[in-house]
Amino acid sequence: MEVIIFLLPLALLWVLMIRPQQQRVRQAREMTASLEVGDEVVTAGGIYGTVTDADDDILSVEVAPGVVLRVLRGAIAQRVGPPREYEYEEDDEDETGSVDSPLGDDET
């Protein structure tokens, strides 16, 4: 009976703390092992970039056009989705050079 009282808190500690941490570590290893050229990533330092070359332990990450950093695979914190490209609509100008109102022509 005394052994059960001693082992129960240890088992509870393992289920609530140690096992979830082991799963997070395993998922992080799988993510870094599966990185490929073209993946957008964030480093542990918070730098966003795109993987341009991948060796065994070193990745080349382009952070700006023409700027490539060499980082260890372990320095990658997460993989993120592709960058969003925003389309900007140019304002239409009429003959007087004024910009059209977004509310329409019935504005007084």
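Asp 53 lies in strand S2, which spans residues 48–54, strands being DSSP runs of E with at least two residues and helices runs of H or I with at least four, both numbered from the N terminus. The model is a predicted one, in which local features need pLDDT of at least 70 and side-chain atom pairs count only at pLDDT 80 or more, while totals for chains, interfaces and linings use all residues. Residues are numbered from 1 along each chain as its sequence is written, and side-chain values use heavy atoms, with hydrogens and water left out.

The chain has one helix and five strands, arranged along the sequence in the pattern α-β-β-β-β-β. Of its 108 residues, 15% are buried, where buried means under 20% relative accessible area, exposed over 50%, and partly exposed in between (1.4 Å probe, protein chains only).

| Residue | Relative accessibility | Class |
|---|---|---|
| Thr 50 | 29% | partly exposed |
| Asp 53 | 37% | partly exposed |

Leaving aside residues up to four places away in sequence, Thr 50 touches Gly 38, Asp 39, Glu 40, Ser 60, Val 61 and Glu 62, a contact being heavy atoms within 4.5 Å. Thr 50 and Leu 69, 19 residues apart in sequence, are separated by 10.0 Å from C-alpha to C-alpha. Across the chain, 32% of the contacts with a separation of 6 or more are between residues 24 or more positions apart.
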